[in-house]
Amino acid sequence: MNNFHSNQFMQVTDVTLMVSHTETSLKFYQEVFGFKLLEKIDNTYKLGTHTNTHLITLVYNPLSMPKQRTTGLYHFAILLPSRAHLGQFIKHMIDTKTPVTGGADHGISEALYLDDPDGNGIEIYADKPENEWPRFDEVVNSPMDYQDLVNKAPKTPFTKIPDDTIMGHIHLHVANMKAARTFFIDILGFQNTMEYGPQAAFVSDLGYHHHIGFNIWNGQNIPNNPDNAVGLKSYTLYVPKDRYNTLLERIDKAHITLTQDGDKVYIKDVNNVKVYLTTDFR
């Protein structure tokens with residue numbers, strides 16, 4: 001099976017979320033997901049695997065506004081190393097009585113969905129073997145076989161997020177599908193893989209089912225998420241070194257501002273969210 005998240009693939013590696021309660025959010029991500037606190041600087045908390053793969057940054061703002069019907073995060077998706085790990089995580093949800101919002105067998109993957117304390121959507125999933133994937137234009141969502149997943153999970157209890165866990169993809173609410181396609185396909189350079197009618201699309205790099213999804217399920221022409229509201233504030237896009245200069249040329253041609261932020265650079269996406277660009281792989 002191909003590793004669609006190796007250093008040959010352009011991909012999102014981590015996300016930054018604004019949250020309204022430090023203790024509640026940290027307890028959720030550390031106890032429910034088993035993340036390790038990698039770093040704390042003032043009101044910023046970096047979390048990830050116990051092998052120090054950074055996945056999420058939480059920015060605490062006590063004056064933040066609650067989630068609104070805007071553009072921004074639909075969910076970020078945590079990719080587990082195997083189906084057995086997903087079954088183990090589902091059993092952990094049952095044992096801890098953690099609420100979930102749903103689950104599905106997508107043919108290409110099996111996924112569980114839940115929300116964090118501020119309503120930020122999360123998907124935790126495992127890919128099926130690539131040779132079992134249907135054609136992308138024939139993907140059909142089916143009910144998840146929870147019992148089979150739990151039955152085939154390791155007998156050992158879930159104690160921490162698996163070491164090889166990574167950010168699998170992100171899925172965004174946008175205001176306009178045409179503008180989103182222009183940004184993610186024409187400018188960033190992803191390729192279209194799947195569409196759910198005129199309301200949702202999925203794009204990837206070099207054959208994955210999707211590294212980014214976007215939809216207008218919150219409505220067309222909705223406002224962007226305010227800077228002081230909980231939700232997605234930035235994400236990091238890894239770009240292979242041999243394609244980085246070409247990307248910068250497309251960004252310049254599109255008259256998108258490249259901003260220096262310390263030793264990092266970022267652009268703003270179609271939702272006015274910061275996208276940090278890097279050629280350093282995890």
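Predicted model: local features only at pLDDT ≥ 70, side-chain atom pairs only at ≥ 80, totals over all residues.
Which element gives the most residues to the lining of the largest pocket?

1. The largest pocket has a volume of about 1,000 Å³. Its lining comprises 39 residues, of which D14, S234, T236, K264 and Y276 are the closest to the pocket centre. Strand β13 gives the most to this lining, with 5 residues. Two or more residues also come from each of β1 (11–19), β2 (36–41), β3 (44–48), β4 (54–60), β15 (264–268) and β16 (274–278). By class, the lining of the largest pocket divides into 16 polar, 13 charged and 10 nonpolar residues.

2. A search of the whole structure for cavities of 30 Å³ or more finds 1. The volume of the largest cavity is about 110 Å³. Among the 14 residues lining this cavity, K67, T70, T71, L73 and V230 lie closest to its centre. The elements giving two or more residues to the cavity lining are β5 (72–79) and β13 (231–238). In this lining, 10 residues are polar, 3 nonpolar and 1 charged.

3. The largest nonpolar core contains 62 residues, and those with the most contacts inside it are V15, Y29, F33, F76, F184 and Y235. Helix α4 (residues 177–187) is the element that gives the most to this core, with 5 residues. Another core, of 15 residues, lies apart from it and includes L79, Y125, A200 and Y208.

4. Beyond its neighbours within four places in sequence, Y235 is in contact with V12, D14, V15, I170, L172, F184, D269, V273, K274, V275 and Y276.

Key
Residues numbered from 1 in each chain as written. Heavy atoms only, no water. Core = buried A, V, L, I, M, F, W, Y, C linked by side-chain atoms within 4.5 Å. Buried < 20%, exposed > 50% of the residue type's maximum accessible area, 1.4 Å probe, protein only. Helix = DSSP H or I, 4+ residues; strand = E, 2+ residues; numbered from the N terminus. Contact = heavy atoms within 4.5 Å. 1 Å grid on protein atoms, 1.4 Å probe; cavity = no way out; pocket = protein on both sides within 12 Å on 5 of 7 lines; lining within 4 Å. Points joined across faces, edges and corners; volume = space filled by probe spheres on them. Nonpolar A, V, L, I, M, F, W, Y, C, P; charged D, E, K, R; others polar.
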